[in-house]
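Here's a quick briefing to read with the structure open beside you. Take it topic by topic and look up each residue as you go.

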Amino acid sequence: MTSRSVEEHSAEVQRLLAPLLAPTVEDVAVTEALGRVLGADVRSPLDLPLFRNSQMDGFAVAASSLAAVPVTLPVTGTIAAGPAEPAPLAPGSAVRIMTGAVIPAGADAIVPVEDTDATEDSVTIRVPRRAGEYVREAGTDVRTGDLLLAAGTALGARHLSLFAAVGLATVPVLRRPRAAVIATGAELVRAGEPLRPGQIYESNSVALAASLTANGADVVFVDRSDDDLAVFGEILRRATASADLVITSGGVSMGDFEVVREVLTPLGGWFGHTTMQPGGPQGLAEIDGVPVLNFPGNPVSTMVSFEVFVRPLLRRSAGLPAVPREDLVLAEPITSIPGRRQFLRGRRVDGGVALESGPGSHLVGALARADVLIDIPENVTTMKAGDNVRVWPL
Ligand SMILES: Nc1nc2c(c(=O)[nH]1)N[C@H]1C(S)=C(S)[C@@H](COP(=O)(O)OP(=O)(O)OC[C@H]3O[C@@H](n4cnc5c(N)ncnc54)[C@H](O)[C@@H]3O)O[C@H]1N2
Ligand code: MOO
């Protein structure tokens, strides 16, 4: 069986995924754009505020009418927020106005209602006002043609608010790869279903679908196959028909029922060993032009395979920030197997990192308690407490 280093297998995965990961831009409805990454600069099609409007419920006046206060002005009408083209304000008068309503020509200040004494048809104002007070001028926030948001922005609620405010119904975002996940194994049962002896609850498809979604992919297909070659072949056919990337778990090592390896090897798939642990046995193939990555079935192996081979690539193509590697101080000594690039589960402790139980790749409880992977190079077999180690945040 061929053997590859982590770097060699990473390079193969990158080569296989390269066409898929080239950034492509698509338009989506603003209402669907939360969490997406802007694929192009977006400029404003109009001014904000859109027109000169009142910041207060009160009276629109000409500031010059208030030169000598107190003054009582006739009130000529009411302007509400809403469709309106108000007539110009007659000199020496006031008009009742609501927040957001169009300010009539001739008025240049708003007097809030609580600063007035008004009757139906007159208003007494005691304090003088400067021109411009409580007036929201057109274009003072955003001007037509301004850059609203730059390509690469991860869209949050406030960004969608701005797009909606300038009347954009759709925005250009980076396309998310459509991903399919297939878990294999005759022992697997979905959560909620009854367990028979020898069966276990299936967790890899849940883990992979969540990992894909969290890192910028759109999971369009999730299924589970037993160890029947025809059943797996049919599920794989449906997966490649609907997705740009397929990830399988299980069925890649040396047993008698390695469904993934048996179906994909005759179709040109590569199966072999990487010097990584967990995640040693790996496979990859291209079926009908769709990349298919085959991760080992042990739950920790599957998740570490995703973290090492897929997550960095996916985040880069999705325009998401890279997860930074960090150097932390080991809180305890560790040993490692010669020739193995180990990714041990670790937990941040005061000023450093401690091991989160042993290296077994079935230890899902320990994985959930961990918050980093501790990356031990192939040529390192022992490390002391106090040594610096490279960690990959989970
Ligand atoms: N003779 C050898 N045996 C094994 C080797 C080897 O080199 N020689 N490698 C071991 C390593 S390392 C790994 S990792 C596994 C990988 O095996 P497979 O990819 O064929 O995975 P399975 O045998 O199907 O499952 C392994 C293990 O994980 C459990 N599993 C599988 N799928 C799921 C799932 N979706 N949810 C939860 N748990 C799952 C499964 O029940 C097994 O316990 O092979 C070793 N053996
Ligand atoms: O490589 Mo396996 O993934 O150690 O458990």
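How do the residues of the shell around ligand 1 divide into nonpolar, polar and charged? There are nine nonpolar, 14 polar and three charged ones. Here Ala, Val, Leu, Ile, Met, Phe, Trp, Tyr, Cys and Pro count as nonpolar, Asp, Glu, Lys and Arg as charged, and the others, Gly among them, as polar.

Keep in mind that this is a predicted model, where local features need pLDDT of at least 70, side-chain atom pairs count only at pLDDT 80 or more, and totals for chains, interfaces and linings use all residues. Residues are numbered from 1 along each chain as its sequence is written, while chains are lettered from A and ligands numbered from 1 in the order in which they are written.

**Around the ligand**
- The shell holds 26 residues, each with its C-beta atom, placed from the backbone, within 6 Å of the ligand.
- Asn204, Gly250, Ser253, Pro296 and Gly297 come nearest to ligand 1.

**The annotated domain**
- An unreviewed UniProt entry puts "domain: MoaB/Mog" at residues 180–316; positions use the numbering given here, feature names are shortened, and annotations may be inferred rather than shown by experiment.
- Over residues 180–316, the chain is 36% helix and 31% strand, and the end C-alpha atoms sit 19 Å apart.

**A six-stranded sheet**
- Follow the order S8-S5-S7-S6-S10-S9 and you've traced an open sheet with mixed pairing (two strands pair if DSSP finds at least two bridges between them).
- Strand S8 (109–112) and strand S9 (116–118) are at the edges with a single partner strand each, so one side of each has no neighbour in the sheet.
- Strands S6 (residues 71–79) and S10 (residues 122–125) run antiparallel and are joined by four bridges; Pro74 has Ser122 in S10 as its bridge partner.

- Leu48 and Pro49 are joined by a cis peptide bond, with omega about -15°, and Pro49 lies in the loop between strand S3 (42–43) and strand S4 (53–54).
- Another cis bond runs from Val69 to Pro70, with omega near -5°; look for Pro70 in the loop between strand S5 (58–61) and S6.
- Tyr134 isn't glycine, yet its phi is positive, near 60°; this residue is in the loop between S10 and strand S11 (135–136).
- Tyr134 counts as partly exposed because it has 18 C-beta neighbours inside 10 Å (20 or more means buried, 12 or fewer exposed, in between partly exposed, with C-beta atoms placed from the backbone).

Definitions and conventions:
Helix = DSSP H or I, 4+ residues; strand = E, 2+ residues; numbered from the N terminus.
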